[in-house]
Amino acid sequence: MNLETKKEAEIAVGAVVDALEHTLLNNLGIDGFSLKLGGFGKFKVRHTKPITRRVGFSGETVITKTKRKIRFVSLGMLRGSETGN
């Protein structure tokens, strides 16, 4: 992009991050939605269903809440530089 100052680069990166954030927020309700940034990583939205569990000592049965998680999976050179690979 050949930006002249650090401030200009910060503004450009901020705009990209804002766009990513808004896209994820607009698609949180879609289970399995993914947003891939080539060579960097992928964000994936996952919904978990409530399950019935038994509480240890009391023996009481409770139902867990529905959860929504966003997972990031690194790709490309970033993935190759992770420890354990």
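**Exercises on a nonpolar patch and a nonpolar core**

Phe 40, Phe 72 and Leu 78 form a nonpolar patch on the surface, with about 260 Å² of accessible area together. Patch residues have over 30% relative accessible area and no salt bridge, and nonpolar side chains (Val, Leu, Ile, Met, Phe, Trp, Tyr) are joined within 5 Å. A salt bridge is a side-chain nitrogen of Lys or Arg within 4 Å of a carboxyl oxygen of Asp or Glu. Accessible areas come from the Shrake-Rupley method with a 1.4 Å probe.

The model is predicted: local features need pLDDT of at least 70 and side-chain atom pairs pLDDT 80 or more, while totals for chains, interfaces and linings use all residues. Residues are numbered from 1 along each chain, and side-chain values use heavy atoms, without hydrogens and water.

**Exercise 1.** Identify the largest nonpolar core and the elements supplying it.

*Solution.* Step 1: a core is a set of buried Ala, Val, Leu, Ile, Met, Phe, Trp, Tyr and Cys residues joined through side-chain atoms within 4.5 Å. Step 2: the largest has 7 residues: Leu 20, Leu 24, Leu 28, Phe 33, Leu 35, Phe 43 and Val 45.

**Exercise 2.** State the share of buried residues.

*Solution.* Of the 85 residues, 14% count as buried.

Note on methods
Patch = residues over 30% accessible without salt bridge, like charges linked within 9 Å, V, L, I, M, F, W, Y side chains within 5 Å. Buried < 20%, exposed > 50% of the residue type's maximum accessible area, 1.4 Å probe, protein only. Helix = DSSP H or I, 4+ residues; strand = E, 2+ residues; numbered from the N terminus.
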